[in-house]
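Colleague: I have a model open and some time to go through it. Can you take my questions as they come?

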Amino acid sequence: MRSFIVFAFIMAVAAAASVPIYDISGDKAAKVIKFDLNNIGVNGYDFAYETSDGKVASEVAELKNAGLENEGLEVRGFFSYPGDDGKIYRVDYVANDKGFQPSAAHLPA
């Protein structure tokens with residue numbers, strides 16, 4: 001469980017770095033224009049970011065069943081991105097002891 005939190009933190013820090021990164025086509029990657037992170041290492045975390053190319057994400061994790069055998073994080077969040085067709089696509093999700101559960105109008109039921 002802690003390794004997941006550390007991984008999420010590392011990914012968040014990497015997303016916020018201002019080091020120029022290039023995508024597959026060789027174009028310069030988008031810049032992070034907003035980044036918030038609250039993670040003191042216990043009871044959960046939350047983060048949100050927005051990039052210059054229109055991607056947005058937000059996530060909140062809460063510790064469930066603290067001190068019990070089935071203790072774990074329940075994560076709720078969303079991400080959105082502009083599609084090639086100009087539409088904004090949004091995926092909401094929950095991740096908990098039942099697995100990753102995404103929902104979106106454009107995903108198959």
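**Arginine over a ring, and the rest**

Modeller: To start with one detail, the charged end of arginine 90 sits over the ring of phenylalanine 78, 3.8 Å from its centre. Bear in mind that this is a predicted model.

Colleague: Noted. How many helices and strands does the protein have?

Modeller: There is one helix, and there are six strands. Along the sequence the pattern reads α-β-β-β-β-β-β.

Colleague: In what order do the strands sit in the sheet?

Modeller: The order is β1-β2-β3-β4-β5-β6, in an open sheet with antiparallel pairing. At the edges are β1 (32-38) and β6, each of which pairs on one side only. On average, neighbouring strands of this sheet are turned by 10 degrees against each other, with direction ignored.

Colleague: What do strands pair through, in general?

Modeller: Backbone hydrogen bonds, in either a parallel or an antiparallel arrangement.

Colleague: Go through the pairs then. How many bridges join β3 to β4?

Modeller: Nine bridges join β3 (residues 56-64) to β4, and the two strands run antiparallel.

Colleague: Next pair. How many bridges are there between β4 and β5?

Modeller: Eight, joining β4 (residues 72-82) to β5 (residues 88-96) in an antiparallel arrangement. Glycine 77 stands opposite tyrosine 93 in β5.

Colleague: How many residues lie between β4 and β5?

Modeller: Five, and the two strands form a hairpin. In the turn, glycine 86 has a positive phi of about 90 degrees.

Colleague: What about β5 and β6, how many bridges there?

Modeller: Five bridges, again in the antiparallel sense, with β6 covering residues 99-103. The hairpin that joins β5 to β6 goes through two residues.

Colleague: Switching to aromatics. How many aromatic pairs does the structure hold?

Modeller: Six. One of them is phenylalanine 47 with tyrosine 49: the ring centres are 6.3 Å apart and the planes are at 5 degrees, so the pair is stacked.

Colleague: Fine. Are those two buried or exposed?

Modeller: Phenylalanine 47 is at 13% relative accessibility, so it counts as buried. Tyrosine 49 is at 26%, so it counts as partly exposed.

Colleague: What about the rings of tyrosine 93 and phenylalanine 100?

Modeller: Their centres are 5.4 Å apart and their planes are at 40 degrees, so that pair is tilted. Tyrosine 93 is buried, with a relative accessible area of 11%, whereas phenylalanine 100 counts as exposed at 52% relative accessibility.

Colleague: Which residues form the aromatic cluster?

Modeller: Phe79, Tyr81, Tyr89, Tyr93 and Phe100 form one cluster.

Colleague: Where is phenylalanine 35 found?

Modeller: In strand β1. Phenylalanine 35 is partly exposed, with a relative accessible area of 27%. Phenylalanine 35 and threonine 51 are 16 residues apart in sequence, and C-alpha to C-alpha they are 8.9 Å apart in space.

Colleague: Last topic, the overall numbers. What share of the residues is buried?

Modeller: Buried residues make up 22% of the 109 residues. The protein exposes about 7,900 Å², and carbon and sulfur atoms supply 57% of that area.

Colleague: And what share of the contacts with a separation of 6 or more comes from residues 24 or more positions apart?

Modeller: Those account for 16% of them.

Note on methods:
Residues are numbered from 1 along each chain as its sequence is written. This is a predicted model: local features need pLDDT of at least 70, side-chain atom pairs count only at pLDDT 80 or more; totals for chains, interfaces and linings use all residues. Side-chain values use heavy atoms; hydrogens and water are left out. Two strands pair if DSSP finds at least two bridges between them. Helices (H or I, at least four residues) and strands (E, at least two) are DSSP runs, numbered from the N terminus. Axes are lines fitted to C-alpha atoms, for helices over the stretch in contact, and angles run from 0 to 180 degrees between N-to-C directions. Buried means under 20% relative accessible area, exposed over 50%, partly exposed in between (1.4 Å probe, protein chains only). Contact means heavy atoms within 4.5 Å. Accessible areas come from the Shrake-Rupley method with a 1.4 Å probe; for residues, only the protein chains shown count as cover. Rings of Phe, Tyr and Trp (its six-membered ring) pair if their centres lie within 6.5 Å; planes under 30 degrees apart count as stacked, over 60 as edge-to-face and the rest as tilted. A charge sits over a ring if NZ of Lys or CZ of Arg is within 6 Å of the ring centre and within 35 degrees of the ring normal.
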